[in-house]
Amino acid sequence: MRQKAFFAVPYALWIILFVVAPLVLIFYQSFFNIDGQFTLGNYANYLTSSVYLKMTVDSVWYAFLITLVTLVISYPTAYVLNRLPNKQFWLLLVILPTWINLLLKTYAFIGLFSQAGTINQFLRFVGLGSHQLLFTDASFMFVAAYIEIPFMVLPIFNSLAEINPSLINASKDLGANDWQTFTKVIWPLSLPGVKAGIQAVFIPSLSLFMITRLIGGNRVITLGTAIEEHFLTTQNWGMGSTIGVILILAMFIVMAVTGDRRKKKGGVRR
Amino acid sequence: MEFHHVERRFGDNVVLKDIDFAIEAGKFYTLLGPSGSGKTTILRLIAGFNSPTSGEIDFDGKRINDVPANRRQVNTVFQDYALFPHMNVAENVAFGLQIKGVGKQETAKRVKEALHLVQLDGYGEREITEMSGGQRQRVAIARALVNRPKLLLLDEALSALDHKLRVEMQTELRQLQRQLGITFIFVTHDQEEALAMSDQIMIINDGTIQQSGTPVDIYDEPLNHFVADFIGESNIVPGIMKADYLVTIDGQDFECVDAGMRPNERVEVVIRPEDLDITTVEKGQLAVTVDTQLFRGVDYQITAHDQRNHEWKINSIHKTTVGATVGLAFDPEDIHVMRYNESEEDFDARLDSYEEDE
Amino acid sequence: MSKKHFSWGKVYLALVFIILYAPIVYLVVFSFSAGKTMEKYHGFSFQHYADLFADSRMITIVINTMIVALLASLIATIVGTMGALLIKGSHRKWRNALLSLNNVLMVSPDVIIGASFLIFFTMLGVRLGFASVLLSHIAFCIPIVVLMVLPKLNELSPTLVDAAYDLGASRWQSLSRVVLPAIAPGIFAGYFMALTYSLDDFAVTFFVTGNGFSTLSVEIYSRARQGINLEINALSTLMFIVSLLLVIGYYFISKHAGRRNRIVTVKEGDAQ
């Protein structure tokens, strides 16, 4: 019994101090205005301000687009990857870029996308002329998708790899062609991976602020950017916390939507 | 379904060499062999998951080497059942019909029939995870049969079941096959299963068909050492064929029923353990000393050795004593003589030649 | 089924790999350029590496970052392993609650973690700097370690611990001689993952770091906002090499772990 308590203390302390307390605090803080007085004004402000509402809608819309782009690129990647010999090695190569500091990868795109950068040099070379690439919505989404691709490929790859190959044989044996086998067997069975991937990409995409600053050039304001601004620039912690609470709500909604509702069918592995 | 000189290689590895056979409609065939013998490869060639490296596979007189699996009138019951985990029982069974575009009502009707056939009435809405191993097996069979295939392939289909359930399913499968008149091709490494269920058995080893025939033929007249050893238990001892109907084992002459060999040809002699009777030394043709005795319920399994240290396996319903010297008695019909390296055709021809004489 | 033929799948994959690696290659190539921008290659030079090693502020920050990462992942590994043992040993209904709490920091966006920690430290009166950064890194590394260790604990055959008791081991001996060695691959993997999370973190650190203290990510952010500086390229090349070595280390460990798992799972299978 004593041994159990010995294990329990540090971990329980961590849960209380660093999991529960901060969440409670951010909720608590959201009820105070910039002068430290208790108020519901932050929520009223948020719900009535067209700026905040538009920002939320934009943020969700961009996160949706980023997730969609990432999914469209990642699913075929995971699918092809899964059919290669030495697939674990190739998967490792997909994951390797995630081990490189996020800031460095973003920094690389500043150089690539700049007015005189490599992409524009290439565009001029093929006769398309140079364009403003940096500080555009498209470049913001591209870099965000670039960073998220491995996090989408991994869960999809895993769920594809888990599919028993004899299920695919069975499908063909029962008369299905390749496309029918894909839509009726492979896709439904890989859905848990797709959902996990969406979760892993959508939530961070809502809260990105570093990429919006460096690549998006403050054109795109996400929920994350707004929180950062309120906390570190305008010092209006109450409003920042309010947006934080909204972000947490959004997170729960995403998890509820992508969560495995059909638990009964979840753990099938034969 | 016919195979003509089919060969299959994986890289340099020859898995099947010169496979040649024809399958008659409406019979129960079994491909029997140890693991790695190539029997599953034959099944995959029939199903269309692989194509032969050389040779020809015909179906209804048409070459089907390159017809993909989804366009063959062949369905498979997989070893691990391969039931779709995201569909319930009825959806699994309906899969093949939906692919073919069979109408909703017709599909529902045929699914119901198929589930009835495998005694799973009312299980349609169950999830696969809720089904036991034996029930999953039945779903897999129903899913294949509902398509009304001309040929049903069963790949080690019973190997995941426990012994009792397996014996039950053997009987059921056999009945199902008779009832429907569909050709079944069953792959197994279990010789008892093969003997119990089949009209025809093909024994596969090292990528070739060693012998094919009815269970009784194969059991009573194994072609070579491998078959004799693989099917049932056997005592195999070297001998010399002195003349027709006379074989010598260790210098002792025995009357037998085999003929058609060269005088003094070296042969192998097979005697099944259940054909050996234990008697007194005087009455027996052979004297042996009992080494071990195991009670197996129906009989005793006894091992013994003779003066020249050949080991003998005996199955006897009577008890004996370990260490005792006893006599072994057997009839001429119990002796089966095998020639070295005789092909199946030569074997059949030789049998015909002297059986006609009688 | 796939043969050595040309296939669109492979072309597509090659394209994805080019996109994934282009920025990294680009950074590395220009780190050796004699020029000052990432626009035109000006011939081979180690100039930026020399600048980097002469930049004492940068060197200090690299060392700070390393200290934070190594310390945070070490402490997180110890606490996280204890947490995993606690979760494994706790009652069924508690287990799910604990796991959910454990995963809160895994799924929370970085800004939320950063902002809430900032409020937390300010309320407690912790001065922003090394201490707050270290505590935050420990905090967000713990759940990672738990998630890496827990599957290894679950894979462990229950008869293994029974066998240890049966052979006369005390609770502590069965833990230190049987359980910990068996889950060691998970613990190492957890440590490596924690290390990379800590090294990679930007958002949380950005919130809780004060004026005096900086980590690499934060420093790169502020320099990148000022524009291109090829010293960063030199730094990224070095960091890429370090990451590569870490990956190789991690790969080796997880391969080793795989082999060990198999033995444990096979035993489990036999028991059934």
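Reader: Which pair of chains shares the most contacts?

Author: The model is a predicted one. Chain B and chain C do not touch, with their nearest C-alpha atoms 9 Å apart. Of the 2 pairs of chains in contact, the one that shares the most contacts is chains A and C.

Reader: Where chain B touches chain A, which element of chain B supplies the largest share of its side?

Author: The contact takes 20 residues from chain B and 19 residues from chain A. On the chain B side, β6 (74–77) and α2 (89–100) each supply at least two residues. The largest share, 4 residues, comes from α2(B).

Reader: How many residues on the side of chain B that touches chain A are charged?

Author: This side holds 20 residues of chain B. They divide into 10 nonpolar and 7 polar residues, and the charged ones number 3.

Reader: How many helices and how many strands does chain C have?

Author: From the N terminus on, the elements of chain C run α-α-α-α-α-α-α-α-α-α-α. Its C-alpha atoms fill a box of roughly 70 × 65 × 30 Å along the principal axes. The count for chain C is 11 helices and 0 strands.

Reader: What share of the 272 residues in chain C is buried?

Author: Among contacts in chain C between residues at least 6 apart in sequence, 80% join residues at least 24 apart. A residue counts as buried if 20 or more other C-beta atoms lie within 10 Å of its own. By that cut-off, the buried share of the 272 residues in chain C is 41%.

Reader: How many residues of domain 1 of chain C take part in the contact with domain 2 of chain C?

Author: The domain assignment of chain C gives domain 1 (9–45) and domain 2 (56–271). The centres of these domains, taken over C-alpha atoms, are separated by 31 Å. The contact takes 7 residues from domain 2 of chain C, and from domain 1 of chain C it takes 9 residues.

Reader: Of what kinds are the residues on the side of domain 1 of chain C that touches domain 2 of chain C?

Author: The side of domain 1 of chain C in this contact has 9 residues. They divide into 5 nonpolar, 3 polar and 1 charged.

Reader: How many helices and how many strands does chain B have?

Author: Along its principal axes, the C-alpha trace of chain B spans about 75 × 45 × 40 Å. Of its 358 residues, 38% count as buried. The elements of chain B are 9 helices and 20 strands.

Reader: Which strands form the edges of the open sheet of 5 strands in chain B?

Author: The strands of this sheet stand in the order β13-β12-β11-β14-β20, and their pairing is antiparallel. An edge strand pairs on one side only, and here the edge strands are β13 (252–255) and β20 (336–339) of chain B.

Reader: Which residue in β20(B) is the bridge partner of Val270(B)?

Author: Strand β14 (residues 265–271) of chain B pairs with β20(B) in the antiparallel sense over 4 bridges. In β20(B), the bridge partner of Val270(B) is His336(B).

Reader: Which residues form the covered face of strand β19 (residues 325–329) of chain B?

Author: In a regular strand the side chains alternate between the two faces of the sheet. The uncovered face of β19 of chain B has Thr325(B), Gly327(B) and Ala329(B), while its covered face has Val326(B) and Leu328(B).

Reader: Which residue in β19(B) is the bridge partner of Thr289(B)?

Author: Strand β15 (residues 277–279) of chain B pairs with β19(B) in the antiparallel sense over 3 bridges. Strand β16 (residues 286–295) of chain B also runs antiparallel to β19(B), joined by 4 bridges. In β19(B), the bridge partner of Thr289(B) is Thr325(B).

Notes. Residues numbered from 1 in each chain as written. Chains lettered and ligands numbered in written order. Domains from an automatic or database assignment. Nonpolar A, V, L, I, M, F, W, Y, C, P; charged D, E, K, R; others polar. Buried ≥ 20, exposed ≤ 12 C-beta atoms within 10 Å, placed from the backbone. Pairing = 2+ DSSP bridges.
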